[in-house]
Amino acid sequence: SFRVVADKRLGKDCDTVVYGHAHIPVIEQRPGGVMVILGDWITHNTVVLLENGQFSLHSWNSEHPLPF
């Protein structure tokens, strides 16, 4: 699972693990750091932003694009 793989890396040589296409977007605090799953571009249209050390998930909408 994504959590098992993330937990093996987090706290050892990185503090964040980011996965691409995995259908369901999530940002989850794990014991050694943060796991980010972007979801997918077809159904959720999700993107992740990192601002001031914090991750946030957003849905892309071409009529109201994100400010980046």
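User: Where is His-23 found?
Analyst: In the loop between S1 and S2. Keep in mind that this is a predicted model.

User: What is phi for His-23?
Analyst: Near 75 degrees, which is a positive value in a residue other than glycine. Most residues other than glycine have a negative phi.

User: And is His-23 buried, partly exposed or exposed?
Analyst: His-23 is partly exposed, because its relative accessible area is 48% and the exposed class begins over 50%.

User: Let me back up. What is the overall makeup of the protein?
Analyst: There are 1 helix and 5 strands. Along the sequence the order is α-β-β-β-β-β.

User: How many residues, and what share is buried?
Analyst: The protein has 68 residues, and 26% of them count as buried. The accessible surface is about 4,800 Å², with 56% of that belonging to carbon and sulfur atoms.

User: What share of the contacts is between residues 24 or more positions apart?
Analyst: 14%, taken over contacts with a separation of 6 or more.

User: Now the core. Which residues make up the largest nonpolar core?
Analyst: It has 7 residues: Ala-6, Leu-10, Val-17, Tyr-19, Ala-22, Met-35 and Ile-37. Strand S1 (16-21) and strand S3 (33-39) are the elements that give two or more residues to this core. In soluble globular proteins, nonpolar side chains tend to be buried together.

User: Where is Ala-6 found, and what is it in contact with?
Analyst: Ala-6 is in helix H1, residues 2-9. Leaving out neighbours within four places in sequence, Ala-6 is in contact with Val-17, Tyr-19 and Met-35. Ala-6 counts as buried because its relative accessibility is 0%.

User: How far is the C-alpha of Ala-6 from that of Gly-32?
Analyst: The two C-alpha atoms are separated by 8.9 Å, and the residues are 26 apart along the chain.

User: What does Ile-37 touch?
Analyst: With residues up to four places away in sequence not counted, Ile-37 touches Phe-2, Tyr-19, Gly-20, Ala-22, Ile-24, Pro-25, Val-26 and Leu-57. Among these, Tyr-19 and Ala-22 are also in the largest nonpolar core.

User: Switching to charges. How many salt bridges are there?
Analyst: The count comes to 4. One of them joins the side chains of Glu-28 and Arg-3 at 2.8 Å, N to O. Glu-28 lies in strand S2 and Arg-3 in helix H1, so this pair ties together parts that are 25 residues apart in sequence.

User: What does Asp-7 meet in a salt bridge?
Analyst: Arg-30, with the side chains at 2.6 Å, N to O. That pair links distant parts of the chain, as Asp-7 is in helix H1 and Arg-30 is in strand S2, 23 residues apart. Asp-7 is partly exposed, with a relative accessible area of 28%.

User: Why does Arg-30 count as buried?
Analyst: Because its relative accessibility is 18%, and buried means under 20%. Arg-30 is in strand S2, residues 26-30. Besides residues up to four places away in sequence, Arg-30 touches Arg-3, Asp-7, Leu-10 and Met-35.

User: What joins Arg-30 and Glu-28?
Analyst: A salt bridge between their side chains, 2.7 Å from N to O. Both residues are buried. Salt bridges that share partners join Arg-3, Asp-7, Glu-28 and Arg-30 into one network.

User: Last one. Where does Thr-46 lie, and what does it touch?
Analyst: Thr-46 lies in strand S4, residues 46-51. Apart from residues up to four places away in sequence, Thr-46 touches Pro-25, Leu-38, Gly-39, Asp-40, Trp-41, His-58 and Ser-59. Thr-46 is buried, with a relative accessible area of 10%.

Notes. Residues numbered from 1 in each chain as written. Predicted model: local features only at pLDDT ≥ 70, side-chain atom pairs only at ≥ 80, totals over all residues. Heavy atoms only, no water. Helix = DSSP H or I, 4+ residues; strand = E, 2+ residues; numbered from the N terminus. Buried < 20%, exposed > 50% of the residue type's maximum accessible area, 1.4 Å probe, protein only. Contact = heavy atoms within 4.5 Å. Areas by Shrake-Rupley, 256 points an atom, 1.4 Å probe, with all protein chains shown as cover. Core = buried A, V, L, I, M, F, W, Y, C linked by side-chain atoms within 4.5 Å.
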